[in-house]
There are 2 protein chains.
Amino acid sequence: MHQLPQISEAEYEVMKVVWEYAPIGTNEVVEKLSHTHDWSPKTVQTMLSRLAKKGVLTYEKDSRMFVYSPLVKQEDYIRQESDSFLNRFFNGNVGSMVSAFLDQEELSTNEIDELQALLKRKMKKGDS
Amino acid sequence: MHQLPQISEAEYEVMKVVWEYAPIGTNEVVEKLSHTHDWSPKTVQTMLSRLAKKGVLTYEKDSRMFVYSPLVKQEDYIRQESDSFLNRFFNGNVGSMVSAFLDQEELSTNEIDELQALLKRKMKKGDS
DNA sequence: CCTGTAAACTTACAAGTGTAATTTTAATTT
DNA sequence: AAATTAAAATTACACTTGTAAGTTTACAGG
């Protein structure tokens, strides 16, 4: 499993837009981000170039404009980061992690129910 | 909730030793890390100074040597990073996160059992 | 008391990141 | 075809991080 390129926090915000709306032009990316971030269009452009250089996305020309598409799947990237997070802080042990979240009282009764349902379904599948 | 200082990945490795063995001197930190990392003692010293400057740890002098102790609790730092991770990648939804781990087939039947036990216990507590 | 040595303090330097401004280029409008 | 203008390409710059090396200082031993 060859490592995916490193994506910085700000770059990731840009990628979220690309993942959701690709193929998407520079201006539209800027527009989408303007709702949630206070970034200059120049800044967004810089991040798009860096992402292209890193091979996270690619583009085609529509006359003079660029239209971007992802090269890396969001799911794959999230998987990589999840694994890294889990190892860094919980020695790779999902149980410790969930346990920590439970201790932090961050889960409502409903959320706990949901989790139990999830696990139950997973069990069934594993059985077969 | 005032933000804790930023701790880089390498710095975190150093902190793990400090958290586990504090109060601990520079040389002992270097020694502990030598088992798991290929870092020059100089590198470790740099990281210790940076951590002190950031206010993550403090030290006292034992004659000419420094003896370090943490100022930030590991648990607090992990909580902060966990929240940040969860928001960044799963919109703060623990269910989505666990669900993702389940989909990645990274949990053995045993681990799933463990999780279920955890949740059951948590439910009981929440009840009372 | 002088000196060697080990510790701490200061400096180094490239890569990555956040955050743009400036310059060039190519399409569009007169 | 020339001029306008909007996009892309290039340049900028400070801060953090990884990774140390060099320099100063103070204790311990002779």
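Entry 1, between the chains. I looked first for salt bridges, taken as a side-chain nitrogen of Lys or Arg within 4 Å of a carboxyl oxygen of Asp or Glu, and the count between chain A and chain B is zero. I then looked for polar contacts, meaning pairs of N or O atoms within 3.5 Å, where within protein one atom must be able to donate a hydrogen and the other to accept it, and where residues adjacent in sequence count only if both atoms are side-chain atoms. Two residue pairs, both at pLDDT 80 or more, are in polar contact between chain A and chain B.

Before going on I note that this is a predicted model, in which local features need pLDDT of at least 70 and side-chain atom pairs count only at pLDDT 80 or more, while totals for chains, interfaces and linings use all residues. Residues are numbered from 1 along each chain as its sequence is written, chains are lettered from A and ligands numbered from 1 in the order in which they are written, and side-chain values use heavy atoms, with hydrogens and water left out.

I sorted the residues by class, counting Ala, Val, Leu, Ile, Met, Phe, Trp, Tyr, Cys and Pro as nonpolar, Asp, Glu, Lys and Arg as charged, and the others, Gly among them, as polar; the side of chain A that touches chain B then has 18 nonpolar, six polar and 11 charged residues.

Counting contact as heavy atoms within 4.5 Å, I find 35 residues of chain A in contact with 35 residues of chain B. For buried area I used the accessible area (1.4 Å probe) that two parts lose on being put together, summed over both, and chain A and chain B bury about 3,700 Å² between them, 69% of it on carbon and sulfur atoms. Arg88(A), Leu119(A) and Lys122(A) supply 18% of the area that chain A buries against chain B, more than any other three residues.

I superposed the copies by least squares on the C-alpha atoms of residues with pLDDT of at least 70 in both, and a rotation of 179° with 0.0 Å of shift along its axis places chain A on chain B with an RMSD of 0.1 Å. That is the relation of a two-fold axis. The same surface serves both copies, since 100% of the contact residues of chain A recur in chain B. Of the residues of chain A, Gln116(A) comes closest to the rotation axis, with its C-alpha at 3.2 Å.

A residue is near a strand here if one of its heavy atoms lies within 4 Å of it, and 19 residues surround DNA strand C, the closest being Ser8(A), Lys42(A), Thr46(A), Lys54(A) and Phe66(B). Helix 3 of chain A gives the most to the surface near DNA strand C, with five residues.

Around DNA strand D I find 19 residues, of which Phe66(A), Ser8(B), Lys42(B), Thr46(B) and Lys54(B) are the closest. Sugar and phosphate account for 63% of the atoms of DNA strand D that come within 4 Å of the protein.

A cis peptide bond joins Ala22(A) and Pro23(A), with omega about -5°, and Pro23(A) lies in the loop between helix 1 and strand 1 (24–25) of chain A.

Definitions and conventions:
Helix = DSSP H or I, 4+ residues; strand = E, 2+ residues; numbered from the N terminus.
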